[in-house]
Amino acid sequence: MYLCVIGTSNIVHHHLKCAISLKIKIFSITSTNINSKKVEQFYKKYKIENKFLTWKDSIKNAGKIENCHFLIASRIKDNIKIINECLKYNKQIFVEKPVALNSKTFQTLIKKRNIFVGYNRIFYNNIKFTKQLIDKKTKYLINVKCPEANKGDIIRNSCHIISILIYLFGQIKVREVIRNRNFITGILTSKNNSIINISFVYQSSDNFSIEILSRNQKIVLSPIENLEIYDGISIINKGGINIFKPKLNYKSNEYYKNNFKPGFYNQMSLFKSIVNGDKRFYPNIKFAKDVIEVCERLVYEKNIK
């Protein structure tokens, strides 16, 4: 298997480390920025043999190579034109999240079944483990905190949190939103009417976090890389005073393994399996569109009640 890479952002290094570890060869790398100084650095670091003057040339030549597929990690504004060029060939396409910042942009791609979107956090082992704990019949109370700099970052960055919520609980709907200059807070519901309270507090001194509450159990991801599970309450008597403390029954941390950025190895491994015919769930264009639509409703839509 080969990868034709378009984009030279720092995140590409993490993708390529995983690809090479999975015995995927790098066919070429180009940038939509013709003045990019990073391209040559990538060629030297990863000993890439094929060089092309433009990203369109690289795609055209990759299209002729058997089992050569595409990795797009370019500027968000360039993604759609790159995807459309790649779609001229019968190949699989891996594109970094969020693909686009406007849900209407996804409409022309919605029926495409060969686009894999890089929402790496749903590939955390902690998130996969948490999903196994979720009972579809149980109604949960979910509290979510997202510290962000501004509204734009909610769509560009907090989309990761929305992707996790959709992965864990399925389709979610925005029911009510309150906005002011300091924060946005919203009430969302899942398919089984679990309640999600989500807050975006600008420049907050806090971690991104997801807290999932049910009878006798609390699941905490704070920050998202840390997982703690509490079951019940223990009573500690100190000096005649009872102190009630949640019982911590499980704890784990999502950390770099073999120098891989969390979630990236599992993500690339599944992409390779999809290329080879695997039919498991993966974050496709519809998933990515659903994520951005929720973000848009939280940030921009009026008269939500």
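Which elements are included in what covers the buried residues of α4? They include β1 (2–6), α3 (55–62), β3 (68–72), β4 (93–96) and β5 (115–118).

## Basis of the model

The model is predicted: local features need pLDDT of at least 70 and side-chain atom pairs count only at pLDDT 80 or more, while totals for chains, interfaces and linings use all residues. Residues are numbered from 1 along each chain as its sequence is written, and side-chain values use heavy atoms, with hydrogens and water left out.

## Helix α4

Helix α4 spans residues 79–86. Helices (H or I, at least four residues) and strands (E, at least two) are DSSP runs, numbered from the N terminus. Six of the eight residues of α4 are buried, so the helix is largely enclosed by the rest of the structure. These are Asn79, Ile80, Ile82, Ile83, Glu85 and Cys86. Buried means under 20% relative accessible area, exposed means over 50%, and partly exposed lies in between (1.4 Å probe, protein chains only).

## The eight-stranded sheet

Eight strands form an open sheet of mixed pairing, in the order β7-β8-β9-β6-β10-β11-β12-β13. Two strands pair if DSSP finds at least two bridges between them. The edges are β7 (173–179) and β13 (241–253); each has a single partner strand, so one side of each is left without a neighbour in the sheet. On average, neighbouring strands of this sheet are turned by 20° against each other, direction ignored.

Strand β11 (residues 217–221) runs antiparallel to β12 and is joined to it by five bridges. Leu221 has Leu227 in β12 as its bridge partner. The loop between β11 and β12 holds Pro223, and the peptide bond from Ser222 to Pro223 is cis, with omega near -15°.

## Helices on the sheet

Helix α5 (residues 125–133) lies across β10 (209–214), β11, β12 and β13, and runs at about 65° to β12. Helix α9 also packs on the sheet, where it touches β7, β8 and β9 (195–202), and its direction makes about 35° with that of β7. Contact means heavy atoms within 4.5 Å. Axes are lines fitted to C-alpha atoms, for helices over the stretch in contact, and angles run from 0 to 180 degrees between N-to-C directions.

## Salt bridges

The whole structure has eleven salt bridges, each defined by a side-chain nitrogen of Lys or Arg within 4 Å of a carboxyl oxygen of Asp or Glu. Two of them lie in helix α9. Lys286 and Asp290 meet at 3.0 Å, N to O; both are in α9 (residues 285–299), four residues apart, about one turn of the helix. Lys286 is partly exposed at 45% relative accessibility, whereas Asp290 is buried at 11%. Lys289 and Glu293 form a salt bridge with closest N and O atoms 2.5 Å apart, and they too are four residues apart in α9. Here Lys289 is buried, with a relative accessible area of 12%, and Glu293 is partly exposed at 29%. An α-helix has 3.6 residues a turn, so residues three or four places apart point the same way.

Arg75, Asp78 and Lys81 are linked in a network of salt bridges. Arg75 is partly exposed at 40% relative accessibility, and Asp78 is buried at 5%.

## Backbone features in loops

The loop between β4 and β5 contains Pro98 and Val99. A cis peptide bond joins Lys97 and Pro98, with omega about -5°. Val99 has phi near 75°, a positive value in a residue other than glycine, and is buried at 0% relative accessibility.

In the loop between β9 and β10 lies Gln203. Its phi is positive, about 55°, although Gln203 is not a glycine. Gln203 is exposed, with a relative accessible area of 68%.

## Ile236

Ile236 is in strand β12 (residues 226–238) and is partly exposed at 34% relative accessibility. Apart from its neighbours within four places in sequence, Ile236 is in contact with Ile241, Asn242, Ile243 and Lys245. Ile236 and Tyr256 are 20 residues apart in sequence, and 36 Å apart in space from C-alpha to C-alpha.
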